[in-house]
Amino acid sequence: NLYDGFEVILARKLRARVKRGANCYGRYMPRMVIIPPGVEFGHIVHDFDIDGEEENHGPASEDPPIWSQIMRFFTNPRKPMILAVARPYPEKNITTLVKAFGECRPLRELANLTLIMGNREAISKMHNTSASVLTSVLTLIDEYDLYGQVAYPKHHKHSEVPDIYRLATRTKGAFVNVAYFEQFGVTLIEAAMNGLPVIATKNGAPVEIHQVLNNGLLVDPHDQNAIADALYKLLSEKQLWSRCRENGLKNIHQFSWPEHCKNHLSRILTLGMRSPAVGSKEERSKAPISGRKHIIVISVDSVNKEDLVRIIRNAIEAAHTENTPALTGFVLSTSLTISEICSLLVSVGMHPAGFDAFICNSGSSIYYPSYSGNTPSNSKVTHVIDRNHQSHIEYRWGGEGLRKYLVKWATSVVERKGRIERQMIFEDSEHSSTYCLAFKVVNPNHLPPLKELRKLMRIQSLRCNALYNHSATRLSVTPIHASRSQAIRYLFVRWGIELPNIVVIVGESGDSDYEELLGGLHRTIILKGDFNIAANRIHTVRRYPLQDVVALDSSNIIEVQGCTTEDIKSALRHIGVPTQ
């Protein structure tokens with residue numbers, strides 16, 4: 001439940017619907033796989049061989065100081081030691097362990113109990129909860145007259161914890177963790193690392209650890225008799241103790257960092273890659289974009305329409321070469337629809353056929369110009385959508401179910417003035433498409449942060465991208481594999497265009513996917529100057545500097561002051577694109 005993209009109850013409901021063959025309306029909750037962290041083994045020193053026999057120590061070897069601090073509590077320090085390492089919190093269930101030990105006469109005769117409950121000075125100065133647990137433990141020790149049988153040292157260093165485990169192993173004791181619920185149980189791993197068999201709670205992660213290590217017994221933490229019986233069984237049956245110790249040492253490598261990495265990578269490999277189909281020779285012969293050596297992608301969002309047209313003209317003029325005009329192609333990448341793009345270009349006397357492709361609707365649609373006649377000069381130009389791209393991005397797309405949810409959500413985003421509520425977000429059917437749901441924003445100042453919106457959709461098991469564009473006056477929701485940056489990589493795979501030969505021209509700011517356009521193997525030209533509209537709310541609410549996520553000092557990123565033909569030409573020359 002700590003993860004934004006996972007909600008336990010909803011995950012169960014969706015899995016049940018899938019089993020019944022019912023429609024999930026585009027909702028999908030991924031299965032949560034827990035990969036345990038690794039543990040560093042370099043500092044471990046074993047006093048026993050694999051069969052549990054004590055190894056010879058030279059005359060120079062000395063016992064660690066912490067051993068004497070513990071042994072001074074015991075009347076008979078040679079008895080097996082039951083070890084518990086836990087802070088004095090109620091959920092760690094230390095009092096039940098003391099009761100189990102105190103009320104089981106055979107266990108008391110067989111073993112000693114050591115409680116490592118953190119460090120303390122005076123109980124009266126401790127936090128109330130911890131003080132209460134410690135007071136209860138001391139009261140029980142007195143009630144059962146466990147003096148000489150229970151150790152509870154006040155101090156220990158973190159570096160001495162491995163020595164404490166080794167002491168318990170040397171006495172052929174056991175480690176015990178009977179917390180009511182254990183999230184992971186790193187102490188169980190540490191005990192196994194030191195060859196110490198364990199008694200662990202059956203609630204939580206210890207069950208999974210036990211399945212891997214098989215080095216002890218699981219118990220109900222609420223049943224003190226079961227705890228006492230398990231401890232007595234493990235300590236009195238020497239063959240069982242040796243077998244548990246051997247299993248722990250044999251299997252503990254599965255919790256090492258190298259094993260963690262292998263496990264992690266193997267899980268990733270099972271997911272499989274989603275990659276678009278590579279264009280065939282016949283398809284490439286019909287697509288001018290596949291024959292280009294360089295592609296210039298114009299993705300400037302931070303200017304008005306007049307300045308955008310001016311930048312497009314200047315970029316085309318800067319890259320035009322009379323000798324080899326077919327070497328460089330142009331792609332317009334924007335949040336506009338294809339009809340908006342064509343209307344804009346035609347209104348200023350520019351021909352849409354001058355572009356190899358249009359990335360529209362924030363990367364959810366790619367169009368190519370198509371000619372009805374034999375030659376472009378005597379043909380009517382239409383635009384054909386890339387169906388292969390549509391097939392690629394429809395993965396986990398919520399479709400109509402997602403649209404209904406977002407329409408309902410939009411009604412909850414309101415501006416309140418006294419008793420009057422005014423809706424801030426409305427569905428924008430005119431600018432929506434099959435894979436892009438658009439919404440009009442009345443007042444950008446009342447927009448929820450994009451991070452919160454994405455979190456909301458993940459929790460509702462809606463797998464999609466949400467972004468603000470048009471100076472935060474429009475909200476677009478697209479499939480998870482659809483974005484302008486991913487569209488550029490799609491063109492690379494589909495048509496075999498090398499990423500270092502792709503140049504992306506952007507302004508000083510842009511839509512909320514602006515950062516994604518800057519990084520990568522492609523080249524980026526940032527046009528700076530007062531023609532850029534002041535950074536809108538999309539960027540003013542960013543909680544981190546842009547340079548924290550984008551390497552602005554990279555050789556692939558070039559900043560240019562101005563947007564004239566000469567400014568752009570200078571930048572193109574700098575990165576090796578031929579110009580006039």
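Leu-271 is exposed, its relative accessible area being 67%, where exposed denotes over 50% and buried under 20%, with a 1.4 Å probe and protein chains only. The residue belongs to helix α11, which covers residues 257–271; helices are DSSP runs of H or I with at least four residues, and strands are E runs of at least two, numbered from the N terminus. Together with Leu-265 and Ile-268, Leu-271 forms a nonpolar surface patch of about 330 Å² accessible area.

The model is predicted, with pLDDT of at least 70 required for local features and 80 or more for side-chain atom pairs, whereas totals for chains, interfaces and linings use all residues. Residues are numbered from 1 along each chain, and side-chain values use heavy atoms, without hydrogens and water.

An open, mixed sheet of eight strands has the order β11-β10-β9-β8-β7-β18-β19-β20, pairing requiring at least two DSSP bridges. Because β11 (381–385) and β20 (557–561) each have a single partner strand, one side of each lacks a neighbour in the sheet. From one strand to the next, the twist averages 25°.

Within this sheet, β7 (residues 294–298) and β8 (residues 328–333) pair in parallel over five bridges, and Ile-295 stands opposite Gly-329 in β8. Helix α13 (residues 305–319) lies across β7, β8, β18 and β19, at about 165° to β8; angles run from 0 to 180 degrees between N-to-C directions of axes fitted to C-alpha atoms.

Note on methods
Patch = residues over 30% accessible without salt bridge, like charges linked within 9 Å, V, L, I, M, F, W, Y side chains within 5 Å. Areas by Shrake-Rupley, 256 points an atom, 1.4 Å probe, with all protein chains shown as cover. Salt bridge = Lys/Arg side-chain N within 4 Å of Asp/Glu carboxyl O. Contact = heavy atoms within 4.5 Å.
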